[in-house]
Amino acid sequence: TWGKGADSFIAMIYERLLLMYDLLANNGSIYVHCDWRLNSFLRLVLDNVFGSDCYRNEIIWQRDAVGKGAKKISKQWSKEIEQILYYSKKNHGHIFNQVYKLSDELTHTQLKEFRYKDIDDRCFKIVTLGDYSQQSIADFKKQNLIYTSSSGTEYKKYYLDEFQLAIGSLWNDIPNLSHGKNPESLGFPTQKPEKLLERIIKASSNEGDLVADFFCGSGTLAAVAEKLGRKWIATDLGKFAIHTTRKRMISIQRQLNNEGKNFRAFEILNLGKYERQHFIGVNMNLREEDRQQQIKAKEAEFVSLILSAYKAEPVKNFVCFHGKKSGRLVTVGPVNLPVTRLFVEELILECRKKHVTKVDLLGFEFEMGLFPNVLEEAKSKGIHIAPKYIPAEVFDKRAVEKNQIVFHDVAAIEVKTEKKKEGVRVVLTDFSVFYSQDSIKKAEEILKDGKSMIVVERGQVVKLSKDKNGKASREKLTKQWTDWIDYWAVDFDFENKRELIHVQNEATGKYEEEWTGDFVFENEWQSFRTKQDRTLELKSAFHQYKKSGRKKIAVKVVDIFGNDTMTIVEI
């Protein structure tokens, strides 16, 4: 997004704001936060998309603690405020609920002006009862909140701890998170305080409304929306952001469950495959022969793109292989389908026919339960197959040109099941990781004196350091297989819930249910690390089945890089 400085960022955000405008309800609002570098640019973009007449206000958030003064900076004024631009979809009719705060900051002069000491030492203000119902007045009398003057007029008494002031556009009562100290902090660099999002959500939506954050980061909006009874959508391009949000929302579910309150389910949808389908989309109005030619050309373009990102050379005269790299042949799996057992079996056949012993298998998705059995089968025939995930970033031309694409090796999960009278439980016994992002030897050669860096090679995370005299040292950070795991979850009856979508019938105009071919993974049990608690349970809770029969248990592991690996066992 910053490939060409501010220009490319504005181009990126402009297209997204256009889509957000279309998605926004007519009575909806948008709040856009950015720092001082782009605030003026963004105001012009929002004026262009929403219209200057829909500009409602600019909120000034003083994020540093009130009363401590500015930080000591010798050459300029300190940056202690953030701007939040506030627009509505239409210039009238948008939802706005006035938000108040307790008037605990009233000055001594104000208290002196409002206090009626002859009535009550705590009472500081009285108002007439004109707007109150008879029921409310009766309740006030029971609570001793009515004052009757010498003329017989009744007034409502107000106390300091219940008096509220309307909040304006200067927000100086919500300090920023002190990362590492605040229990709310998840260590995400741009994380906002929940109080900030609570104020925004309360002001511009009502209970049951839908709110969205398309750069969700650590998931603050989703967390606050859930607590306030709003529906929510949270999206992000980063795996780490989605994974952080997932753990945060599960923590909220657990909290509500412990309090005896109802909690709602949520689902994570990976939209990467739709991007891939779009990449090979063809014109359906063409004749069948022309359409097949277009499909062939698109597939060739796709393979060329993947080989380029993988830094492999193309090869000819093979059925299954597309390229070669470092003495290994490379095959690229389908763009819009998982790599299946049949695909790998055909690969093994050609390897044996042409005496190929080393293969890199690149795929976006792999059939459930494919590994590690198929790798052992190939190994028994003298063939080493290294399966690797194709990252979604391959479609970003600039990332490919800058050599920023990393193909992660596929991890392998090993589990066993235990059956007792309490039910069935899953035991996580091993998680094999083979990631390599760099060479330790190569990294040591370029590392400068007095510096350190983290390197991942062959499933090990190693911290390299050099002292001021150039003496190098290595510290292995992943000491056991469990160090790779951040989160794991179990679905005890995986294929009992099909993923259904509603598709409009062109002839009738009605929406009909259609099965995508996938199943919904339901987190029936999970264990994960948090910032406060780094422990990880390796045995699930026991699960009781209502009906006997064959069941498929799905186990999902998310590693410390945010990559998902799943395996299925039958019982």
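These legends walk through several close-up views of a predicted model. Local features are described only where pLDDT is at least 70, and side-chain atom pairs count only at pLDDT 80 or more, while totals for chains, interfaces and linings use all residues. Residues are numbered from 1 along each chain as its sequence is written, and side-chain values use heavy atoms, with hydrogens and water left out.

**View 1. Helix α6 beside helix α7.**
Welcome to a helix pair: the axes of α6 (residues 220-227) and α7 (residues 239-258) come within 9 Å and cross at roughly 20 degrees. That makes α6 roughly parallel to α7 (angles under 35 degrees count as roughly parallel, over 145 as roughly antiparallel, 65 to 115 as roughly perpendicular and the rest as oblique). Axes here are lines fitted to C-alpha atoms, for helices over the stretch in contact, and the angles run from 0 to 180 degrees between N-to-C directions. Helices (H or I, at least four residues) and strands (E, at least two) are DSSP runs, numbered from the N terminus. Look for T220, A222, A223, E226 and K227 in α6, which meet R248, M249 and I252 in α7; contact means heavy atoms within 4.5 Å. By class, this contact of α6 with α7 has four nonpolar, one polar and three charged residues (Ala, Val, Leu, Ile, Met, Phe, Trp, Tyr, Cys and Pro count as nonpolar, Asp, Glu, Lys and Arg as charged, and the others, Gly among them, as polar).

Buried means under 20% relative accessible area, exposed means over 50%, and partly exposed lies in between (1.4 Å probe, protein chains only). The buried residues are T220, L221, A222, A223, V224, A225 and E226, and they pack against α5 (194-204), β10 (210-213), β11 (231-234) and α7. After α6 comes G229, with a positive phi near 75 degrees.

**View 2. Helix α10 beside helix α11.**
Here the axes of α10 (residues 341-353) and α11 (residues 373-380) come within 11 Å and cross at roughly 10 degrees. That makes α10 roughly parallel to α11. R341, V344 and I348 in α10 meet N373, V374, E377 and A378 in α11. Sorted by class, the contact of α10 with α11 has four nonpolar, one polar and two charged residues.

**View 3. The largest nonpolar core.**
This core has 21 residues, and V426, F431 and W488 touch the most other members. A nonpolar core is a set of buried Ala, Val, Leu, Ile, Met, Phe, Trp, Tyr and Cys residues joined through side-chain atoms within 4.5 Å. At least two residues each come from β17 (412-420), β18 (423-432), β22 (485-491) and β26 (552-559). β18 gives the largest share, four residues. Another core of 19 residues lies apart from this one, and its members include C320, V359, A378 and I383.

**View 4. S540 in its loop.**
Find S540 in the loop between β25 (525-528) and β26. At 4% relative accessibility, S540 counts as buried. Leaving out residues up to four places away in sequence, S540 touches R425, V426, W488, V490, F492 and W525.

**View 5. C34 in strand β1.**
C34 sits in β1 (residues 29-34) and is buried, with a relative accessible area of 10%. Its partners, not counting residues up to four places away in sequence, are N39, L42, E82 and Q83. The C-alpha atoms of C34 and L85 are separated by 8.6 Å, with the two residues 51 apart along the chain.
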